[in-house]
Amino acid sequence: MHTDADVIIIGAGGGGAVAAKELGELGVNVLILEAGPWYGNKKWSSPNQERGATSSSSPDDLDINLLRQQYTKMEHNMNDIISGRFRWGPADRRRSPWQRIIPNHGQLWQSTGVGGTTQHYWANSPRAYAMAIDDVWPISYRELVPYYEKVEATLPVRPAPTTAKEEMFYYGAKKDGWSFINTKNPTSPGYRPQPNAILHPNEKLMDKNVSLEELSKMEGCTLCGHCVNGCPHGPSVDKVAKRPTNISYVPLALKTGNVEIRPNTYTMKILTSTDSEVERQAIGVEYRDTWTGEIGELYAKVVVMAAGCIETPRLWLNSQLPYNSWVGRGLTNHYWDWVTGVFDEKDIMGILGQNNINPFTGPTSGGRLDYPGLGCIQPSGVSPGLFSSLTFGFSQSGYFFKQEHSVDDPWDLRGRVVGNELLEWMQNYQSTLSIMILTDDQPHKRNGVTVDPVLKDEHGPIPVVRYTPSKEDKKKRNQLAKISADILRKAGAKKIIRTDWPAHLFAHIESTMRMGLVVDDICEAYQVKRLFIADNSVHYNGIGGPNPTLTTQALATRTAEKIVMKYF
Amino acid sequence: MNNTIDDSGSTSHKKGTFITEMKNTVANFVSENHSASPLSRMEQLPMQIGKKSLSQTRATFMAFVDVMIPSTFGALDLRLDDYVIWTLDHYISVQGNFGMDSIQLSSATAGMLDAAAKQLIFSGKVKKELNYSIYPEGGSFASLSFEDRLEAIHLLENAQVDMDSLPLPYRNNIGYVKNIVSNLHQMVMIGYYSEWFSLGATRLAPPENRVVERPFMTWNLVNYPSPSMGYRELRGFLVKEFKD
């Protein structure tokens, strides 16, 4: 049968780009179909305005000057979920985003485009907790380690530098009795620098003879604080400081000469063989060009779904692949929360030797406290629009003045803040420190992705995403919120707000196509041969709380190896 | 504005009629009474009510953003009502008969706030007198005091209003109500504290045609120095490599 590639990969995000590079290096011919735009590529000089070329397969197409123009670091332009460059929607920003139904307070924070959500991720790249894998997943932690090591060397991943907000956090954590843990494999609670996929600062950063503009075109992080807004700093696309996959894996994939990437191409359906004599197997995909609406088919020997935890199950369901009660089910999202303290300048001066924390400087998050069995927390700093919206506007509690406050609560207020109180908090923006909470929530079958029986977009029935935490999940989150508030208080915080983020915040989304239930231990679908998955959805659980991308990338590396062993 | 007149007179809440009803809602933000008589259907004609609905929608969001971030140079002075209306009207599109239809959520959302406000008024629990003089073109929500506006939103997101009286797509849909209420707050905040106002005359242009035209007023208020090439803020490393 004619094929368009050996392997078609759906999605050029955190997992798909990794699988492509690994397959390409093993001599397999790969075509990636990506729904969103490609920033920093000469073939799309106006990626949000014109259709541009159909595909690109050469590293010579990558252009750092274009990336610098397109990653403007302006938070509304980049991060607005309706019209920003990093949104879940088509490249043409005159059009609405692609709808997902979130039936509660909440938000789904994903980005289309080559690099996917890693374009706005914070590059935090810790490993899973071994206790969340061993005797829980179908494979062991030890099995994952060589793949972790390979990804850590490729990205690369290194301990984050200390800037003001990390120093405040370490100070508070130490004073609160926590120990420093110098490890990639935490087994007991303690604080440490984030293992980050961000190049260490250039050694000239503190040399005032070299201008910041010059530094922004050299290798290494400039501590500009724009990780979440998109990092354009570096001498060439492949040497940009923050390492989303459009920067790290895509250039390496293109260098193999075996990988072609086609942006603006939405995969609508998995095509399978209909021959009843043989096992059902994937043979290709049906896609739609997001600019022209043209629909076509492409064929391959193997298909890899790496469309993310919402789109991968949606694609399965909309393709009418065989029924499996676990498709889309068992979603975990780390049941996040956010706790913020405001400090007096004199107290900050006592700890840092300067008046302010300036949470907008340095890596978006450069430190963490791990607590295997409970989850983790991480000091975090974002630009003011995102900060105000995440700290004061995004709560499942409603207005703070409607909440009952218990004297036992280690925070002073909980919930949404508006009006003069909001203005007052924001006036102290420079003197705030926020801590993000990631809970070791457990997969429950009630949580996950279904498709709406009536509402459709141009790609078919729209996904509906639901999540209700269990009592145990709530208990863990409360405990982490208390630890966060205690650390802030020990560092001298004068007033603390627990935002109480909605349970329907979907950013670390995992385990909707779980290994052992939908796919086997090499991530091939049980019910459809030659169909693999290489995104967060195959995780058996939320890996204990740590940020999921590194684990997805380790697994995608392993899956690529297994695909070649089995089919090529 | 596109409006479809459903001459069947059906008031079905079934999902099959969702899109049609939602389209009707576009021009019918005051459709709290959905037991549509032929007369009320006529009143949904866009030419007849279009102008009024736009001005009432605007007044409602002016009142909303003013209570979120009040005072001189607050959200109202910085035209965040424009931001909210633009965002709501680009929030969702669904498959229609001939391609994707944008659902103009702003008028339905204003209608939802008005419906909640009306119920607060009827319950006799408003704390301050209604004042129609600030927003003469506004409805119930815009006539409330700051405190009462927040109370109306609180009742709404806790389903303490008659959910059946809300316009589509909010009617009997607390999940969607909560989602939008939460997002409305976030919209005002990210709009106000980001570069949006500085886009000047281009702020409502298609996103790719927007350019920064004036100083970053709100960033100055919070001492954010605006996007940066970098900071010489390195304070060292706890470790440069992990032990294992």
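Helix axes here are lines fitted to C-alpha atoms over the stretch in contact, with angles running from 0 to 180 degrees between N-to-C directions. With that in hand, welcome to a quick tour of this predicted model.

**Helices H7 and H8 of chain B**
- The axes of H7(B) and helix H8 (residues 174–193) of chain B cross at roughly 145° and come within 9 Å.
- H7(B) brings B:Ile153, B:Leu156 and B:Glu157 to this contact, while H8(B) brings B:Val177, B:Lys178 and B:Val181.
- By class, these residues are 4 nonpolar, no polar and 2 charged.

**Helices H5 and H7 of chain B**
- Helix H5 (residues 105–122) and helix H7 (residues 146–157) of chain B have axes that come within 9 Å and cross at roughly 105°.
- Angles of 65 to 115 degrees count as roughly perpendicular, so H5(B) and H7(B) are roughly perpendicular to each other.
- On the H5(B) side you will find B:Leu113, B:Ala116, B:Ala117 and B:Leu120; on the H7(B) side, the residues include B:Asp148, B:Glu151, B:Ala152 and B:Ile153.
- This contact divides into 8 nonpolar, no polar and 2 charged residues.

**Where chain A meets chain B**
- Chain A gives 77 residues to the contact and chain B gives 59 residues.
- Several elements of chain A each supply at least two residues to the side that touches chain B, among them helix H6 (164–175), helix H11 (384–392), helix H12 (419–427) and strand E16 (448–457).
- That side of chain A comprises 31 nonpolar, 31 polar and 15 charged residues.

Key: Residues numbered from 1 in each chain as written. Chains lettered and ligands numbered in written order. Predicted model: local features only at pLDDT ≥ 70, side-chain atom pairs only at ≥ 80, totals over all residues. Contact = placed C-beta atoms within 7 Å. Helix = DSSP H or I, 4+ residues; strand = E, 2+ residues; numbered from the N terminus. Nonpolar A, V, L, I, M, F, W, Y, C, P; charged D, E, K, R; others polar. Parallel < 35°, antiparallel > 145°, perpendicular 65-115°, else oblique.
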